[in-house]
Structure formats: C-alpha cells, structure tokens
Amino acid sequence: MIDTVAPTEARVLITGGNGSGKELVARQLHDKSERAAGPFIEVNCAAIPTELIESELFGHEKGAFTGAAALKKGKFELADKGTIFLDEIGEMSLNMQTRLLRVLQEGIYYRVGGSQKVSVDVRVISATNRDIEREVQNKMFREDLYYRLNVVQIKNPPLRDRNTDIVLLAQYFLEYFRTQQ
C-alpha cells in the first residue's frame with residue numbers, strides 16, 4: 001500500500017494503536033514520494049497545548065502576543081515543498097480543526113497576528129490511535145476535515161498481527177542505528 005500511495009499527492013490518514021509504527025509508515029510515504037528531497041516535519045498534536053498549537057502550526061508575527069519577540073515560521077511553512085506529518089490528529093480541538101480545514105482547502109493561511117497570506121505547498125499525512133469514525137459520529141472530530149485527511153487510509157495493525165514485518169523492522173533499526181554512530 002505504501003508503494004502504491006507514496007508517489008501520489010494524496011493525503012493519507014494512518015490509523016492504529018500506540019506503538020504500531022504509524023510514524024514509520026509516514027516516513028516511508030515521504031521517503032518514497034516525489035517530495036523526498038523536501039523536508040519531513042513531524043508534529044505531535046497531543047503534545048502541544050491547545051493555546052499554542054496555532055502558533056506552532058502557522059507561526060506568528062513579532063509582537064503578536066506577549067513573548068513573541070520575533071517572527072516565527074510555523075511547521076506548515078517549514079514543510080513547504082515537503083511533507084507535514086500530523087501525529088495524533090484526533091487530539092486537536094474543534095477550533096483548530098476548523099483552521100486546519102481552511103489551510104487544506106486553500107493552501108494559504110495567516111500567521112498569528114499577521115495580515116499577509118502565507119502560501120504553502122505541502123503534502124499532509126496524519127495519524128491517530130483513536131476510532132476516528134466514532135469521533136466524527138460523536139461530533140468530536142469535524143466530518144469535513146475527516147474526508148479531507150482520509151483520501152487514503154492505511155490501517156496499521158499491531159505488530160503481533162503482522163509477524164512478517166518483524167524481520168523488516170529489525171533490518172530497518174539495524175541500519176538506522178548503524179548510521180547513527
């Protein structure tokens with residue numbers, strides 16, 4: 001599935017439990033894509049406080065709020081011509097989901113406190129360990145955003161259900177740690 005989807009520009013939603021390797025799938029999608037030479041920017045949506053996520057994703061202008069001493073590019077801008085991986089997208093607030101939807105629809109946004117449009121060309125890959133369809137039904141996740149992110153869904157079952165991947169993962173980690181010296 002990765003080999004089929006990677007060369008496309010399709011947005012991908014990766015689902016699976018904690019530790020099932022969603023990040024590795026996202027990285028493989030990027031590495032096998034036309035955007036491989038561009039940046040791969042990871043954002044853990046669950047790790048960023050609600051009041052800071054807008055600034056993290058879209059950046060801010062100098063003076064936009066207390067402590068904003070300089071212009072800061074957001075993760076979307078840093079991912080321009082590459083891929084942004086929004087991990088744990090199901091943790092994002094409904095307000096932030098609305099802002100993200102607009103960026104996905106238009107490819108432009110404003111930095112926090114800014115008045116100039118920022119245009120980006122990024123591929124969006126997202127992941128969640130939640131039952132996102134249930135979240136949509138319960139109005140905890142925007143349905144329109146779900147359909148924008150879920151152009152292609154890759155369900156990543158736990159490793160115990162895919163024994164054939166153990167050798168591949170062992171090879172991957174051996175190579176990874178060999179090159180980290």
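Trainee: Which residues do ring pairs link into a cluster?

Mentor: This is a predicted model, and in it ring pairs join Tyr-172, Phe-173, Tyr-176 and Phe-177 into a cluster. A search of the whole structure finds nine aromatic pairs.

Trainee: How is an aromatic pair described?

Mentor: In general, two aromatic rings are described by the distance between their centres and the angle between their planes. Take Tyr-146 and Tyr-147, which form an edge-to-face pair with 5.1 Å centre to centre and 70° between the planes. Tyr-146 is buried, with a relative accessible area of 8%, whereas Tyr-147 counts as exposed at 52% relative accessibility. Tyr-172 and Tyr-176, on the other hand, form a stacked pair, with 6.4 Å centre to centre and 15° between the planes.

Trainee: Where do Tyr-172 and Tyr-176 lie?

Mentor: Both belong to helix H8 (residues 165-179), where they are four residues apart, about one turn of the helix. Tyr-172 is partly exposed, with a relative accessible area of 29%, and Tyr-176 also counts as partly exposed, at 36% relative accessibility.

Trainee: Which residues make the nonpolar surface patch of about 300 Å²?

Mentor: That patch is made by Phe-173, Tyr-176 and Phe-177. A residue needs over 30% relative accessible area to be part of a patch, and Tyr-176, at 36%, is above that cut-off.

Trainee: Turning to another helix, which residues of H2 are buried?

Mentor: In helix H2, which spans residues 22-31, the buried residues are Lys-22, Val-25, Ala-26, Leu-29 and His-30. They cover an arc of only 135° around the axis, and therefore they are on the same side of H2.

Trainee: What do the buried residues of H2 pack against?

Mentor: They pack against helix H1 (2-5) and against several strands, namely E1 (12-15), E2 (40-44), E3 (83-87), E6 (123-128) and E7 (152-155).

Trainee: Where is Glu-88 found, and is Glu-88 buried or exposed?

Mentor: Glu-88 is in the loop between E3 and helix H5 (94-106), and this residue is buried, with a relative accessible area of 10%.

Trainee: Where does Lys-139 lie, and does Lys-139 count as buried or exposed?

Mentor: Lys-139 lies in the loop between helix H6 (132-137) and helix H7 (143-149), and at 63% relative accessibility Lys-139 counts as exposed.

Notes
Residues are numbered from 1 along each chain as its sequence is written. This is a predicted model: local features need pLDDT of at least 70, side-chain atom pairs count only at pLDDT 80 or more; totals for chains, interfaces and linings use all residues. Side-chain values use heavy atoms; hydrogens and water are left out. Buried means under 20% relative accessible area, exposed over 50%, partly exposed in between (1.4 Å probe, protein chains only). Helices (H or I, at least four residues) and strands (E, at least two) are DSSP runs, numbered from the N terminus. The arc is that of the directions from the helix axis to the C-beta atoms. Contact means heavy atoms within 4.5 Å. Rings of Phe, Tyr and Trp (its six-membered ring) pair if their centres lie within 6.5 Å; planes under 30 degrees apart count as stacked, over 60 as edge-to-face and the rest as tilted. Patches are made of residues with over 30% relative accessible area and no salt bridge: like charges are joined within 9 Å, nonpolar side chains (Val, Leu, Ile, Met, Phe, Trp, Tyr) within 5 Å. Accessible areas come from the Shrake-Rupley method with a 1.4 Å probe; for residues, only the protein chains shown count as cover. A salt bridge is a side-chain nitrogen of Lys or Arg within 4 Å of a carboxyl oxygen of Asp or Glu.
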